[in-house]
Amino acid sequence: KLYEPHGTGFGSMNTGGKIPLGLKRKGLRIVVTGGAGFVGSHLVDRLIERGDSVIVVDNFFTGRKENVMHHFKNPRFELIRHDVVEPLLLEVDQIYHLACPASPVHYKHNPVKTIKTNVVGTLNMLGLAKRVGARFLLTSTSEVYGDPLQHPQVETYWGNVNPIGVRSCYDEGKRTAETLTMDYHRGAGVEVRIARIFNTYGPRMCIDDGRVVSNFVAQALRKEPLTVYGDGKQTRSFQYVSDLVEGLMRLMEGEHVGPFNLGNPGEFTMLELAQVVQETIDPNARIEFRPNTEDDPHKRKPDITKAKDLLGWEPKISLRKGLPLMVSDFRQRIFGDHKEDTT
Ligand code: NAD
Ligand code: UDP
Ligand code: UDP
């Protein structure tokens, strides 16, 4: 190992933050790729709060400076505009590798770029991890299960993925990223962790990114009809972002490689989700049916037994509790005087 965690200095600057059990302040040097995005920026907040030094690497394809602006004056924070498809030299202890568009609308926009990001981008970050002896965490996805034939999905399930469909750039890209991660682990001794993230929502999601929760919330607030694709009977399981961040940090700090499903097992049809949005925002919101997109998975729900047993993790925030927290952020960004600070 070329780099030892320096573990000095910065700890004394931060004494106030709430530190969950088992996640002690370490003063590590941490790269978060995709750290200006939705999930990444919430992770950065927690790492900074813990006392770490954080370098965000982001090309701003879907991320926004506004998501991390509140750290600009902190000497422990750095933001680098960089595309992970290009090599990058840094000296760090840990790499949280999130860089990749997550919304189907975004990842289908330039599918070849999405594959490059997942394959070449992940290769570069693994090369970096190998060179400096850093621990590497990949944020993979429930999409590796494709249109699953097993329900709920357990980590041992190998999935049902179309290799030539419109979602393949993302699904197969992430599957290759998992393969690369395991090959660097087995072949080069890199310490790795793999999280398979299920649908996550919360403040700072792009308002018009086409994902179902952000669509419904923005539509209800704008008094537009909620667009339900297909018959609305397909299911998803929605996780609030703070639960995910807690899971990612536990995974990084724990001893297990994974893969681990990180998601909320509460399963909803899209019609049920529309109903929860109506109850939360506007009981009079209308529903409008639209044709569904190609290759849309019929159901999705994580089995989280493994994460419960080995990481001591499970989600705490139900959809009915989490949705209002996101609504106030969306309300402010849609109607507020264009303020983007969503802390
Ligand atoms: P997001 O689109 O908000 O964030 C992705 C970030 O990566 C953005 O800031 C974007 O600008 C950056 N990025 C994209 N391509 C890049 C590149 N080539 N180089 C550098 N930066 C790049 O998405 P998110 O919801 O925050 O997702 C974060 C990670 O979690 C992604 O890897 C995604 O696949 C994974 N994930 C998310 C969900 C979810 O529901 N949010 C579900 C499964 C997996
Ligand atoms: N890489 C990087 N930063 C580093 C080390 C490597 O971006 O600090 C890139 C490197 O350019 C290469 C990839 O990671 O494209 C894989 O590196 P590795 O050393 O594993 O393979 P090699 O360079 O021998 O092909
Ligand atoms: N969906 C919908 N209305 C929308 C956007 C999406 O009914 O306005 C459906 C979509 O067809 C899918 C589900 O919601 O069945 C989840 O879609 P999303 O894009 O949020 O995430 P995915 O899990 O497909 O990556």
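The following questions and answers go through a predicted model of a protein chain with its ligands.

Residues are numbered from 1 along each chain as its sequence is written, while chains are lettered from A and ligands numbered from 1 in the order in which they are written. Because the model is predicted, local features need pLDDT of at least 70 and side-chain atom pairs count only at pLDDT 80 or more, whereas totals for chains, interfaces and linings use all residues.

Reader: How many helices and strands does the protein chain have?
Author: Helices (H or I, at least four residues) and strands (E, at least two) are DSSP runs, numbered from the N terminus. On that basis the protein chain has nine helices and 13 strands.

Reader: What radius of gyration does the protein chain have, and what would a compact globule have?
Author: The C-alpha trace spans about 60 × 45 × 40 Å along its principal axes. The radius of gyration is taken over C-alpha atoms, and the globule rule is 2.2 Å times the number of residues to the power 0.38. For 343 residues the rule gives a value near 20 Å, which agrees with the chain's 19 Å.

Reader: Which residues of the largest nonpolar core touch the most other members?
Author: A residue is buried if 20 or more other C-beta atoms lie within 10 Å of its own, exposed if 12 or fewer, and partly exposed in between, with C-beta atoms placed from the backbone. A nonpolar core is a set of buried Ala, Val, Leu, Ile, Met, Phe, Trp, Tyr and Cys residues joined through C-beta atoms within 7 Å. The largest such core has 79 residues, and those touching the most other members are I95, F136 and L248.

Reader: Which helix gives the most to this core?
Author: In soluble globular proteins, nonpolar side chains tend to be buried together. Here, 48% of the 343 residues of the protein chain count as buried. With seven residues, the helix that gives the most to the core is α6 (residues 241-253).

Reader: Which element gives the most to the shell around ligand 3?
Author: Ligand 3 has 15 residues around it, with R211, V212, N215, T227 and Y229 nearest. Elements giving two or more residues are α5 (212-221) and β8 (226-229). The most, three residues, comes from β8.

Reader: Is α5 largely enclosed or open, and what covers its buried residues?
Author: Nine of the 10 residues of α5 are buried, so the helix is largely enclosed by the rest of the structure. V212 and N215 are among the buried ones. The cover includes β7 (200-201), β8, α7 (270-280) and α9 (319-335).

Reader: Is Q239 buried or exposed?
Author: Q239 lies in strand β10 (residues 239-240). Two residues are in contact if their C-beta atoms, placed from the backbone, lie within 7 Å; beyond four places in sequence, the contacts of Q239 include F198, G263 and P315. Because Q239 has 26 C-beta neighbours inside 10 Å, Q239 counts as buried.

Reader: Is K321 buried or exposed?
Author: K321 is found in helix α9. The C-alpha atoms of K321 and Y240, 81 residues apart along the chain, are separated by 9.0 Å. With 10 C-beta neighbours inside 10 Å, K321 counts as exposed.

Reader: Which residues does the cis peptide bond with omega near 5° join?
Author: Most residues other than glycine have a negative phi, and most peptide bonds are trans. One cis bond joins H151 and P152, with omega about -10°. The bond with omega near 5° runs from G258 to P259.

Reader: What is the phi of R204, and where does R204 lie?
Author: R204 counts as buried, with 25 C-beta neighbours inside 10 Å. R204 is found in the loop between β7 and α5. Although R204 is not a glycine, its phi is positive, about 80°.

Notes
Near = placed C-beta within 6 Å.
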